[in-house]
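Have it open while you go through the points.

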Amino acid sequence: MDEGEAMTPRHGAQSAAPEQDMRAITHPSEGTLRQRLTYFLGQGYTLRELACKGLRLMVWARIHRALRHRFRSCGRGVIVDPTCSVDGARFIALGDRVWVQRGSWLCVPLVEMPRPDARAYLSLGSGVRVGPGCTLAAANRVDIEDDVLFGPNVTVLDHAHAYEDVTRPVSRQGIKTGGRVVVRRGAWLAANVVVHASGGLLEIGENSVVAANSVVLSSVPPRTVVAGNPARAILRYDDDAQQWTRVSEPLKQEADHESTP
């Protein structure tokens, strides 16, 4: 059981907490202690489980972050699991209530880059939740806006290894900074998604969804569900009908998009 499961309502479970409290608690530090205990005990967890998770997330994770990582900026209520790897922390900005779960990697690959500018290369907005085992790596610019949700094992990259010189191993050719990634607020990237900007701006629109195991190589419009490799639109929200509708045409830019590793 990981922290994401512990903080997510179980389908069909009954809770003693009022409905407004259930909606409010999406982060381990939200609500009062009484509200959190009532909510999670109502979801079936024991006091022992909650005590262990509370000590890990609210105490040890914060001490570990304060001692090990000096981020460019760091908001209130930030939780970075002690098992996470962080490279180039002083070029990473974290908003309020960011939660990075176990085994994830936040990376600005300084060893592969020319001398970096004094700015954030990787930024996570307020309320961003990063599932276990994710990789977010920026050599140019990756911006994650507020309340974006990452499932487990999601990878987001704005660069790739150079490979053009066939006389040298790829590992010795460094990287090429392809483009910029922006994930707009409220989007959800499900398990095992890969997002790679090979050049220019790759934007995932507000409240869009990327289905599990998809590979995103071009921009996704707002309020659109995409799936596949490469990802293509399958659903789009119709404002007039106020419902999700099937999409028959491919995403814009897909016809002439040329992906390079």
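**Notes on the model**

1. Let's start with V156, which is buried at a relative accessible area of 0% (buried means under 20%, exposed over 50%, partly exposed in between, using a 1.4 Å probe and protein chains only). V156 sits in strand β12, residues 155-157; helices (H or I, at least four residues) and strands (E, at least two) are DSSP runs, numbered from the N terminus. Leaving aside neighbours within four places in sequence, V156 is in contact with T135, L136, A137, V142, F150, V181, L189 and V195, where contact means heavy atoms within 4.5 Å. H196 is 40 residues from V156 in sequence, yet the C-alpha atoms are 6.1 Å apart.

2. Before going further, a caveat: this is a predicted model, where local features need pLDDT of at least 70 and side-chain atom pairs count only at pLDDT 80 or more, while totals for chains, interfaces and linings use all residues. Residues are numbered from 1 along each chain as its sequence is written, and side-chain values use heavy atoms, with hydrogens and water left out.

3. Which residues touch the most other members of the largest nonpolar core? They are F150 and L189, in a core of 46 residues. A nonpolar core here is a set of buried Ala, Val, Leu, Ile, Met, Phe, Trp, Tyr and Cys residues joined through side-chain atoms within 4.5 Å. Strands β4 (92-94), β7 (122-124), β10 (141-144), β15 (179-183) and β18 (200-204) each supply at least two residues of this core. Beyond four places in sequence, the contacts of F150 include V128, V130, I144, V156 and L189.

4. Now the sheet: six strands form an open sheet in the order β1-β4-β7-β10-β15-β18, with parallel pairing. Two strands count as paired if DSSP finds at least two bridges between them. β1 (73-74) and β18 are the edge strands, each pairing on one side only. Parallel strands β4 and β7 are joined by three bridges, and I92 stands opposite L122 in β7.

5. On to the aromatics. Rings of Phe, Tyr and Trp (its six-membered ring) pair if their centres lie within 6.5 Å; planes under 30 degrees apart count as stacked, over 60 as edge-to-face and the rest as tilted. By this rule there are three aromatic pairs. In one of them, Y39 and F40 have ring centres 4.7 Å apart and planes at 65°, so the pair is edge-to-face. Y39 is buried at 1% relative accessibility, and F40 is buried at 4%.

6. F91 and Y121 also make an edge-to-face pair, 5.9 Å centre to centre with 80° between the planes. F91 lies in the loop between β3 (85-87) and β4, and Y121 in the loop between β6 (105-107) and β7, so the pair ties together parts 30 residues apart in sequence. R119 lies over the face of Y121, 3.7 Å from the ring centre (the rule asks for NZ of Lys or CZ of Arg within 6 Å of the ring centre and within 35 degrees of the ring normal).

7. Finally, some backbone details to look at. Most residues other than glycine have a negative phi, and most peptide bonds are trans. The peptide bond from N229 to P230 is cis, with omega near -5°; P230 is in the loop between β21 (224-227) and β22 (232-238). N207 has a positive phi, near 55°, and is partly exposed at 39% relative accessible area. N213 has a positive phi too, near 70°, and is exposed at 52%.
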